[in-house]
Amino acid sequence: MTAILSASELRGELAGARPPALLDVRWQLGGPDQRPAYEAGHLPGAVYVDLDRELAGPPGAGGRHPLPDPEDFGAAMRRAGVRADEPVVVYDGGLGWAAARAWWLLRWTGHRNVRVLDGGLAAWTAAGGALSTDAPTPVEGDFKPNPGAFGLLDADDAAALARTGLLLDARAGERYRGEVEPIDRVGGHIPGAVSAPTTENVGPDGRFLSAGELRARFAALGAAGDTAVGVYCGSGVSGAHEVLALEVAGIPAALYAGSWSQWSSDPERPVATGPNP
């Protein structure tokens with residue numbers, strides 16, 4: 001099973017005998033609540049999922065977007081109609097970060113059939129897909145999380161992987177280098193991490209590069225052979241998008257969910273700056 005699908009593929013599946021559950025995960029970092037945008041038009045049958053409230057726990061020692069309590073996450077997914085043995089497709093406004101966060105959480109907690117709409121809502125409408133303002137009322141799902149199906153790193157794991165494997169920093173290059181830090185306590189990166197902005201995984205239309213192009217990109221960064229790969233970002237959202245890109249490329253990767261927001265909050269953790277790991 002591929003981790004992404006196109007708008008035309010989704011259209012065909014929605015018309016088939018086993019349509020997927022649809023989750024709308026529109027979100028903007030530091031921006032307004034996206035529920036009004038969802039209510040103004042969404043894929044028919046899609047249920048809105050709030051990233052800050054349902055795909056993350058309260059900000060704190062675990063970072064700005066710590067992992068949600070698995071039971072709370074499971075309850076949110078069941079309210080959205082997610083079933084353990086039925087396919088799920090997630091999408092957002094087009095950036096792909098929020099959709100990837102939902103994808104990663106579902107896969108980490110054991111769902112075997114979840115994909116991201118490549119290019120999100122923009123790709124759907126560009127392909128002539130209809131939008132709806134109807135509020136769906138899905139039948140309660142039965143999905144029960146079983147965490148651990150995907151790789152997860154804590155701060156110590158990330159520090160070790162930066163020394164023994166490949167730890168990718170998915171943030172913008174200027175944040176990696178420590179030139180700017182608009183959000184967190186201090187700028188820079190985890191010592192040994194390699195800069196790999198997640199924005200370079202997609203083309204101008206917001207859709208992923210081909211699997212071959214992504215494999216070549218990550219190989220050039222050091223993801224070759226049996227090298228263990230991990231990813232972090234600012235708070236575990238765009239990093240999930242990089243894990244998804246690695247999945248498309250056929251490269252397993254673990255996510256440091258606390259990411260820079262957790263690492264940089266601890267003054268005991270070392271910080272590197274500049275262009276080199």
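This report describes selected helices, strands and side-chain arrangements of a predicted model.

## Basis of the description

In this predicted model, local features need pLDDT of at least 70 and side-chain atom pairs count only at pLDDT 80 or more, while totals for chains, interfaces and linings use all residues. Residues are numbered from 1 along each chain as its sequence is written, and side-chain values use heavy atoms, with hydrogens and water left out.

Helices (H or I, at least four residues) and strands (E, at least two) are DSSP runs, numbered from the N terminus.

## Helix H4 and its surroundings

Helix H4 spans residues 70-79, and its buried residues are Phe73, Gly74, Ala76, Met77 and Arg78. Buried denotes under 20% relative accessible area, exposed over 50%, and partly exposed in between (1.4 Å probe, protein chains only). The buried residues of H4 pack against strand E2 (21-24), helix H3 (51-54) and helix H5 (97-108), where contact means heavy atoms within 4.5 Å.

At the start of H4, the backbone nitrogen of Glu71 has a side-chain oxygen of Asp69 within 2.9 Å. Gly81 follows H4 and has a positive phi, near 90°.

Strand E5 (residues 114-117) runs parallel to strand E1 (residues 4-5), and two bridges join them; strands pair if DSSP finds at least two bridges between them. Leu117 in E5 is the bridge partner of Leu5.

E5 also pairs with strand E4 (residues 88-91), in the parallel sense and over three bridges. Here Val114 in E5 stands opposite Val88. Together, E4, H5 and E5 make a right-handed β-α-β unit. A crossover is right-handed if, with the strands pointing away from the viewer, the path from the first strand over the helix to the second runs clockwise.

Strand E7 (residues 166-169) runs parallel to E9 and is joined to E9 by four bridges, with Leu166 partnered by Val229. E9 also pairs in the parallel sense with strand E10 (residues 254-256), over two bridges, and Leu255 in E10 stands opposite Val231. From E9 the chain crosses through helix H10 (residues 238-248) to E10 in a right-handed β-α-β crossover.

## Aromatic pairs and charges over rings

The structure holds four aromatic pairs. Rings of Phe, Tyr and Trp (its six-membered ring) pair if their centres lie within 6.5 Å; planes under 30 degrees apart count as stacked, over 60 as edge-to-face and the rest as tilted. One of the pairs, Tyr38 with Tyr48, is tilted, at 5.4 Å centre to centre and 40° between the planes. Tyr38 lies in helix H2 (residues 35-40) and Tyr48 in strand E3 (residues 47-48), ten residues apart; both are buried. Trp103 and Phe150 form an edge-to-face pair, 5.5 Å centre to centre with 75° between the planes. Trp103 belongs to helix H5 and Phe150 to the loop between helix H6 (120-126) and strand E6 (152-153), 47 residues apart. Trp103 is buried, with a relative accessible area of 0%, and Phe150 is buried at 13%.

The charged end of Arg11 sits over the ring of Trp124, 5.7 Å from its centre, and that of Arg269 sits over the ring of Trp263, 5.0 Å from its centre. This term requires NZ of Lys or CZ of Arg within 6 Å of the ring centre and within 35 degrees of the ring normal.

Notes:
Polar contact = N/O pair within 3.5 Å; in protein donor to acceptor, adjacent residues only side chain to side chain.
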